[in-house]
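Hi,

Here is the structure I said I'd pass on. Have a look at it first, and then read my notes below.

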Amino acid sequence: MHRERMRELVFNDPLARQRLEGIIHPLVSQAAQAMALHAAQNGAAIVVFDIPLLIESGHWVKQLDRILVVDCSTETQIQRVQQRNGLPRATVEGILAAQASRKDRREAADIVLHNDGVTLQGLQSAVLQIAQRFGL
């Protein structure tokens with residue numbers, strides 16, 4: 001797949017994005033359900049799903065016991081995406097504008113982990129505290 005062309009198409013054409021999501025989301029859901037079943041059958045105490053478009057997908061929130069949102073400022077998010085993907089700022093801003101707001105993601109969360117200006121040691125400490133809240 002040519003990711004750049006696909007990104008340009010789906011962020012400029014809502015119908016194209018809906019078609020793509022109609023293909024991808026059912027496949028992801030099937031795979032996630034299979035992994036969760038496998039984990040449960042093997043005695044896992046917890047199953048963690050990393051769901052980038054949790055709010056946008058609409059159905060995930062109802063299927064999860066708890067939601068942890070890792071949050072940072074919009075500026076930090078833009079900088080990280082630019083560093084990781086080499087995208088121009090305007091492209092990243094367009095992608096973020098097409099997604100759920102930080103406010104909506106935080107409101108859906110049972111726990112918010114702030115990942116902005118925090119050391120790796122600070123994040124590790126926060127994760128251990130969250131694990132305790134989850135009974136681990």
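Let me start with helix H5, where the buried residues are Thr76, Ile78 and Val81 (buried means under 20% relative accessible area, exposed over 50% and partly exposed in between, with a 1.4 Å probe and protein chains only). Those buried residues pack against helix H6 (89-97). Helices here are DSSP runs of H or I with at least four residues, strands are E runs of at least two, and both are numbered from the N terminus.

Before going on, two notes on where this comes from. This is a predicted model, so local features need pLDDT of at least 70 and side-chain atom pairs count only at pLDDT 80 or more, while totals for chains, interfaces and linings use all residues. Residues are numbered from 1 along each chain as its sequence is written, and side-chain values use heavy atoms, with hydrogens and water left out.

Just after H5, Gly86 takes a positive phi of about 70 degrees.

How do H5 and H6 pack? Their axes are 10 Å apart, at an angle of about 120 degrees (axes are lines fitted to C-alpha atoms, for helices over the stretch in contact, and angles run from 0 to 180 degrees between N-to-C directions). The contact (heavy atoms within 4.5 Å) involves Thr74, Glu75, Gln77, Ile78, Val81 and Gln82 of H5, and Arg89, Val92, Glu93 and Leu96 of H6.

Arg80 also sits in H5. At 34% relative accessibility, Arg80 counts as partly exposed. Setting aside neighbours within four places in sequence, Arg80 touches Cys72 and Asn115, both in contact with it.

Now the inside. The largest nonpolar core has 7 residues: Ala32, Ile51, Leu54, Trp60, Ile67, Val69 and Ala109 (a core is a set of buried Ala, Val, Leu, Ile, Met, Phe, Trp, Tyr and Cys residues joined through side-chain atoms within 4.5 Å). Another core, of 6 residues, lies apart from it and includes Val81, Val92, Ile95 and Leu96. As for Trp60, leaving out neighbours within four places in sequence, its contacts are Val28, Ser29, Ala32, Ile51 and Leu54.

For the overall picture, the protein has 8 helices and 2 strands, and buried residues make up 22% of its 136 residues.

Cheers
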